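Visitor: I would like to learn how to read side-chain contacts and strand pairing from a model. Please take the features one by one.

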Amino acid sequence: MEIYKIENLSFTYPDRVKENLSNINLSVNKGEFVTICGKSGCGKTTLLRLLKSALTPFGDITGNIFFDGKPLAELDLREQSSKIGFVMQNPDNQIVTDKVWHELAFGLESLGCSTPEIRTRVSEMASFFGIQNWFHKKVTELSGGQKQLLNLASVMVMQPTVLILDEPTSQLDPIAAQEFLKTLEKINRELGTTVILTEHRLEDAFPISDRIVVMDRGTVISDTTPERTGSVLKAMNHEMYLAIPAPARIYGAVSKGDEYPLTVRDGRCWLEAFAKNNKLDSTLIPKKCESVEADTVIEAKDVWFRYEKDLPDTVKGLNIEIKKGEIYAIVGGNGTGKTTALSLIAGLNRPYRGKVFVKGEEISKNSSIFNGVMGVLPQNPQALFLKKTVFLDLQEIMSDMKISGEEKENRVLNMAKLCRIDGLLDSHPYDLSGGEQQRAALAKVLLKKPEILLLDEPTKGMDAHFKEIFADILYDLKKSGVTILMVTHDIEFCAEYADRCAMFFDGNITSSGEPREFFSGKSFYTTSANRMARTTIPEAVLCEDVIAACGVKTEKKEKTYSNTDFYNEEKTVNPSEKPPKITLKRIIGGSIFLALFALACFFAQREENQWIKALLQFVSIVGIAGALMLLIPQREFGREFEIPQKSNKKLTKRTLAAALLILVAIPLTIYLGVNHLGNRKYYFISLIIILETMIPFMMIFESRKPEARELVIISTLCAIAVAGRSAFFMLPQFKPVVALVIISGVCFGGETGFLVGAVTGFVSNFFFWSESAYALADVCFWYNRLFGWHSV
């Protein structure tokens, strides 16, 4: 009997012309295990969310969905919550409490179950899933695999009829993923629960499934048994053929038949039978080109790190060397310290012992590491998204580049085409699927043109087709001299594309080597092709190796579009130009200026002649400015020093308007104030001039879209300066505003210094209410005199 029946279902997200789901007709029987697969963005996640009303995305829906013979919309929220379980892709998005036992009981508490019933169900489910050993732990102490298992148990404790899972193994290592899928098989076989699963990692999902549904561009293109799916996709010459299990791909290339072997055991039996009648020649296996010696770009020497003083070490004596232009892959289980090691190399964390060097310089002393030198793609791509659309997000990463708006737009469009997100530029980043978010984050990182690329789980959520495109991108970057270090659970990808691989265990690298040598002979951290062919072709690591040894010539893959020529263009920002370092000459010069400042202040306090006192005050300002310029390396806030380039661009309308205001309006204001405002001219003139200088500056400042960190620093400096002027107004010789403006200009650039001074002068005047009131009265008086405003 059907548990789900979908009839003519179509769905379109707001502001999108093209349908995300188009005329879907699908049925799922009770007790079935159905796996839905397809390329990223094909509509898998949207379809799953439509199967539970509480998770339905906003958009236009047509068609019908029936659950157990009734329209899904007629089921109330309580009934859907208890009968339809949903496990999300990211385990952290679903956990709502702080303790494991409380998370298990939370759903039952929400349904209003009695305390004895809650205790009975929780204890039963904890025993079924083997959670007893960490039943009382905090959820923050669990590994990724344990968190996902906890989410599954928390759903199953409510005894659902249907279990829906959206790529649940995407963040798990190979062993944890296998264990999780075995648990799903156990639930399906022993409890009779219907399971609907979407997955990109199909090696372990195919053998336990009853049906495989393949989607493409919002439609179902195949719905058949796992054994026949390979032959259907091969006949269609579809890209998803690359995603089917390795034994099936090898069988499809070597033999003719409709039902393909799915497991390593079945594939090995077929290969051994094939070897009895055919000669297997391991010399036909293609060899990789030998690596060329290059300079060391990344080096870690005896690095130790722990997150807190009382916690155990996460990284223990790490030693690693990575050469220029090398693709270096690190594999290992969850919780072994791989991501922590990556954060140490990126300079995001500091070791308490040992040193990390990047391009021969200690990472802790290189403050400009992220300005064109290093790019980091985090495990969670959402950490990089700041704007409302993908297009604006990609433009944001180039906000500090001195290039025209047209060139920025061209770079964004080219990068979007490269990463296959050109049709998603108007979408909100959070509305994208997991794989699409990963590609958008990759595009954002690549726009900075980093010389070193650190990737944490880069293939997470990527379909098999885009993995090939991604590999082409990495190879092109490698040819451009980019060094790539990635942490991943994708064994097949590492084996095929990495130059060197390393095993991370217990906070350190236990083994490393060239992929063919590294993966040969391992039991779990190796490819399916190697496990399958171990008894007949022990040297084989990839599917192509086994196929070649069987005497079948494989067609050379056509290189997909991956134009990375922008890496060879001259960079706008030159990372080699570093701020000047403090030398002995600078220290001596700065000391002289400091002495000049001190002497000028000393004599100014004792001088009675106002003209000489003013001169001494000017000398003191020059002294402190010179000292700061010499002792503090100058650098524009958030920017590197840039090579001056000639430009033939015409002045913009905004610049011309600003020049007109400053050159015409300000002199006119001074003239009118001096000749017509009497004894109140100072306050009126100063207030209007401040406004006239700030307005054009604000126009220019806002046009370049300043970063949040700039605004926070500028606001803080303005607040301190205003407070200083208000607090020390009774001491005319003490001028904190002047000091803060000088410091702002020297340390953060002239633009910041001007803004701090102008805003401080404008805002602080409001605290001297009597002066501001007089100035306002003068304004009203002259307005009345000129325009006849008799109500003043």
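Guide: Start with strands: two strands pair if DSSP finds at least two bridges between them. The model here is predicted. In it, strand E11 (residues 296–305) and strand E14 (residues 353–358) pair in the antiparallel sense over 5 bridges. Within this pairing, tryptophan 304 stands opposite arginine 353 in E14.

Visitor: In which order do the strands of the open sheet run?

Guide: The order is E12-E11-E14-E15, 4 strands with antiparallel pairing. Strand E12 (315–323) and strand E15 (361–362) are the edge strands, each pairing on one side only.

Visitor: Where does the charged end of arginine 353 sit?

Guide: Over the ring of tryptophan 304, at 4.9 Å from the ring centre. A second case is arginine 439, whose charged end sits over the ring of phenylalanine 466, 4.9 Å from its centre.

Visitor: How is a pair of aromatic rings described?

Guide: By two quantities, the distance of the centres and the angle of the planes. The structure holds 12 aromatic pairs. In one of them, the ring centres of tyrosine 475 and tyrosine 497 are 6.1 Å apart and the planes are at 75 degrees, so this pair is edge-to-face. Tyrosine 475 belongs to helix H15 (residues 464–479) and tyrosine 497 to helix H16 (residues 491–497), so the contact ties together parts 22 residues apart in sequence.

Visitor: Is tyrosine 497 buried or exposed?

Guide: Tyrosine 497 is buried, its relative accessible area being 12%. Tyrosine 475, at 28%, is partly exposed.

Visitor: What is the geometry of the rings of phenylalanine 518 and phenylalanine 519?

Guide: Their centres are 5.0 Å apart with the planes at 85 degrees, so this pair is edge-to-face. Phenylalanine 518 and phenylalanine 519 are both buried. Rings can also group: Tyr251, Tyr260, Trp270 and Phe274 form one aromatic cluster.

Visitor: What about charged side chains?

Guide: Side chains of opposite charge can pair when their charged atoms come close. The structure holds 21 salt bridges. One of them joins aspartate 68 to lysine 30, with the closest N and O atoms 3.5 Å apart. Aspartate 68 is in the loop between strand E4 (60–67) and strand E5 (70–71), while lysine 30 is in the loop between strand E2 (21–29) and strand E3 (33–38), 38 residues apart. Aspartate 68 counts as partly exposed at 30% relative accessibility, as does lysine 30 at 42%.

Visitor: Which parts does the salt bridge of lysine 444 with glutamate 396 tie together?

Guide: The closest N and O atoms of that bridge are 3.2 Å apart. Lysine 444 lies in helix H14 (residues 434–446) and glutamate 396 in helix H12 (residues 390–396), so the linked parts are 48 residues apart in sequence. Lysine 444 counts as buried, at 4% relative accessibility.

Another bridge joins aspartate 545 to arginine 516, with the closest N and O atoms at 2.6 Å. Aspartate 545 is in helix H19 (residues 543–549) and arginine 516 in helix H17 (residues 515–519), so parts 29 residues apart are tied together. Aspartate 545 counts as buried, at 1%. Shared partners also join Glu32, Arg211 and Asp223 into one salt-bridge network.

Conventions: Residues are numbered from 1 along each chain as its sequence is written. This is a predicted model: local features need pLDDT of at least 70, side-chain atom pairs count only at pLDDT 80 or more; totals for chains, interfaces and linings use all residues. Side-chain values use heavy atoms; hydrogens and water are left out. Rings of Phe, Tyr and Trp (its six-membered ring) pair if their centres lie within 6.5 Å; planes under 30 degrees apart count as stacked, over 60 as edge-to-face and the rest as tilted. Helices (H or I, at least four residues) and strands (E, at least two) are DSSP runs, numbered from the N terminus. Buried means under 20% relative accessible area, exposed over 50%, partly exposed in between (1.4 Å probe, protein chains only). A charge sits over a ring if NZ of Lys or CZ of Arg is within 6 Å of the ring centre and within 35 degrees of the ring normal. A salt bridge is a side-chain nitrogen of Lys or Arg within 4 Å of a carboxyl oxygen of Asp or Glu.
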